[in-house]
Amino acid sequence: MNEVKLAQDLIRFKNLYTRDEGITKFLSKKLTSIGFKCTIIKSKGLDSSKPALNLYARYGKSRPTLLTVSHSDVVANIKGWKYPPF
């Protein structure tokens, strides 16, 4: 896996607040391709017309378990950028 290419692909997703623009499915597909079992979980988002998507990914069944919690959305403050952030 090319980490620089992956970072570039992730940065291109315009995920503002909890509006998912495909990044959850993208991450699920990438992680599945390297052996993770992925589940997308829907929860209440800020925009009532679309749910927020959360990704649960598990690799193997052995212990101990490592759990990370992160988010893939950003808070919009795109004024004043020299280069467009997406």
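**Layout, charges and contacts**

Modeller: To begin with a residue of the loop, G45 lies between β1 and β2. Please bear in mind throughout that the model is predicted.

Biologist: Is G45 buried or exposed, and what is its relative accessible area?

Modeller: Buried means under 20% relative accessible area. G45 therefore counts as buried, its relative accessible area being 11%.

Biologist: Which residues does G45 touch, not counting residues up to four places away in sequence?

Modeller: G45 is found in the loop between β1 and β2. With residues up to four places away in sequence left out, the residues that G45 touches are T18, K50, P51 and A52.

Biologist: How far apart in space are G45 and D20, C-alpha to C-alpha?

Modeller: In sequence, 25 residues separate G45 and D20. In space, the C-alpha to C-alpha separation of G45 and D20 is 9.5 Å.

Biologist: In what order do the elements of the chain run from the N terminus on?

Modeller: The chain has two helices and two strands. Read from the N terminus, the order of these elements is α-α-β-β.

Biologist: What share of the residues of the chain count as buried?

Modeller: The accessible surface of the chain is about 7,300 Å², and 59% of that surface belongs to carbon and sulfur atoms. The chain has 86 residues, and the share that count as buried is 15%.

Biologist: Among contacts between residues at least 6 apart in sequence, what share join residues at least 24 apart?

Modeller: A contact here means heavy atoms within 4.5 Å. Of the contacts in the chain between residues at least 6 apart in sequence, the share joining residues at least 24 apart is 42%.

Biologist: Where do D9 and K5 both lie?

Modeller: D9 is buried at 15% relative accessibility, whereas K5 is partly exposed at 44%. The two residues are four residues apart, about one turn of the helix, and the element that holds both is helix α1 (residues 3-11).

Biologist: Which residues gather in a patch of positive charge on the surface?

Modeller: K50, in the loop between β1 (37-43) and β2 (52-58), is one of them. At 43% relative accessibility, K50 counts as partly exposed, and a patch takes residues with over 30% relative accessible area and no salt bridge. The complete patch consists of R19, K25, K42 and K50.

Biologist: Which residues does T24 touch, not counting residues up to four places away in sequence?

Modeller: T24 belongs to helix α2 (residues 23-33). With a relative accessible area of 3%, T24 is buried. Leaving out residues up to four places away in sequence, T24 touches I40, L53, N54 and L55.

Biologist: What is the omega of the peptide bond from R63 to P64, and is that bond cis or trans?

Modeller: P64 is in the segment after β2. Most peptide bonds are trans. The bond from R63 to P64, however, has omega near 5 degrees and is cis.

Conventions: Residues are numbered from 1 along each chain as its sequence is written. This is a predicted model: local features need pLDDT of at least 70, side-chain atom pairs count only at pLDDT 80 or more; totals for chains, interfaces and linings use all residues. Side-chain values use heavy atoms; hydrogens and water are left out. Buried means under 20% relative accessible area, exposed over 50%, partly exposed in between (1.4 Å probe, protein chains only). Accessible areas come from the Shrake-Rupley method with a 1.4 Å probe; for residues, only the protein chains shown count as cover. Patches are made of residues with over 30% relative accessible area and no salt bridge: like charges are joined within 9 Å, nonpolar side chains (Val, Leu, Ile, Met, Phe, Trp, Tyr) within 5 Å. A salt bridge is a side-chain nitrogen of Lys or Arg within 4 Å of a carboxyl oxygen of Asp or Glu. Lys and Arg count as positive and Asp and Glu as negative; His and the chain ends are not counted. The place of a charge is taken as NZ of Lys, CZ of Arg, CG of Asp or CD of Glu.
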